[in-house]
Amino acid sequence: PAPLLWWPALRGIWTQGRRIERTCYILGLVLIASGAFHFAVFFIRGGPWEGPVSWRKPTTFGLSFGLTLIAVAWVASSLKLTERTRVLALGVFAADCFVEVGGITLQAWRHVPSHIDLRGSFNTGVSMTLAVGGGVLVLVLGRLAFAAFRGDPDAAPSMRLALRAGFATLMIGLLAGAAMIARGTSEARSGHQQQAYLDLGFLKLVHGISLHGVLVLPGIAWLLTQTSWPEEKRTRVVKLAASGYGLAILAALVWDLVRM
């Protein structure tokens with residue numbers, strides 16, 4: 001491979017990006033900063049890391065949503081979309097990311113659970129808002145996934161493959177999250193609130209791993225463009241990476257199910 005020109009290539013992502021994409025990059029960094037801030041709060045103030053009421057949730061959700069927002073905005077730049085669809089999808093997605101992280105952060109500072117807390121009208125409202133926000137995520141990202149699977153004939157085969165595989169893993173992660181919320185809400189509505197908290201994260205590992213395939217796999221394809229390797233070799237490497245990521249998701253699913 002030729003030497004990687006990291007800085008010019010990374011800088012090009014910003015300078016060549018559309019306004020909506022650069023806005024999402026900035027907002028993603030804000031969410032990451034929020035996650036880092038709440039980890040510092042946990043480090044200074046202490047308290048439990050696990051459980052429905054902890055600093056873990058604003059920390060991990062801030063970091064995860066921030067990375068995902070940046071990743072989705074970046075990969076969307078390679079999708080064949082009308083500008084109106086691109087702006088609408090990324091705008092709604094960015095707003096929803098802030099709603100999700102904001103609701104979780106608010107409840108963390110109030111020292112109450114953020115999800116499936118049906119005790120009182122305010123807590124119920126926050127929980128239902130987060131659940132509806134999750135549905136919006138599925139719809140918006142599903143639209144982008146459709147564009148990825150339809151493909152852009154002008155894109156390199158390695159990147160087309162990486163986008164399809166990345167969005168496939170992302171949708172798996174969203175469905176795992178929806179399954180966790182559905183199970184927890186069902187148990188909470190049946191009067192088993194504490195059991196709902198215990199069972200809420202039954203697919204947590206597969207959920208976390210799957211979400212970030214949309215960053216990892218296109219990231220690998222992008223890095224390969226900075227080499228002198230022919231496209232055929234790049235595509236083989238992406239196929240290998242996608243297969244490995246799929247096996248990691250499968251292993252995570254087996255682990256989660258065994259621990260139920």
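**Notes on a lysine and some aromatic rings**

1. Lys-57 is buried but has no salt bridge, and Glu-100, the nearest side chain of opposite charge, is 9.5 Å away. Please keep in mind that this is a predicted model.

2. What does the side chain of Lys-57 join in a polar contact? The partner is the side chain of Ser-114, at 2.9 Å. Lys-57 itself belongs to helix H3, which covers residues 56-76. Beyond its neighbours within four places in sequence, Lys-57 is in contact with Gly-51, Pro-52, Gly-62, Ile-104, Ser-114 and His-115.

3. On to the rings: the count comes to six aromatic pairs. One of them, Trp-55 with Trp-109, is edge-to-face, with 4.8 Å centre to centre and 70° between the planes. Trp-55 sits in the loop between helix H2 (19-45) and H3, while Trp-109 is in helix H4 (residues 83-109), so this pair ties together parts 54 residues apart in sequence. Trp-55 is buried, at 6% relative accessible area, whereas Trp-109 is partly exposed, at 38%.

4. Phe-61 and Phe-65 make a stacked aromatic pair, 6.1 Å centre to centre with 20° between the planes. Both lie in helix H3, four residues apart, or about one turn of the helix. Phe-61 counts as partly exposed at 23% relative accessibility; Phe-65 is buried at 14%.

5. Also worth a look: Phe-39, Phe-42 and Trp-49 form one aromatic cluster.

6. Finally, charges over rings. The charged end of Arg-22 sits over the ring of Trp-14, 5.8 Å from its centre, and that of Lys-233 sits over the ring of Trp-229, 4.4 Å from its centre.

How values were computed. Residues numbered from 1 in each chain as written. Predicted model: local features only at pLDDT ≥ 70, side-chain atom pairs only at ≥ 80, totals over all residues. Heavy atoms only, no water. Helix = DSSP H or I, 4+ residues; strand = E, 2+ residues; numbered from the N terminus. Buried < 20%, exposed > 50% of the residue type's maximum accessible area, 1.4 Å probe, protein only. Lys, Arg positive; Asp, Glu negative; His and termini not counted. Salt bridge = Lys/Arg side-chain N within 4 Å of Asp/Glu carboxyl O. Polar contact = N/O pair within 3.5 Å; in protein donor to acceptor, adjacent residues only side chain to side chain. Contact = heavy atoms within 4.5 Å. Phe/Tyr/Trp six-rings, centres within 6.5 Å; stacked < 30°, edge-to-face > 60°. Lys NZ or Arg CZ within 6 Å of the ring centre and 35° of its normal.
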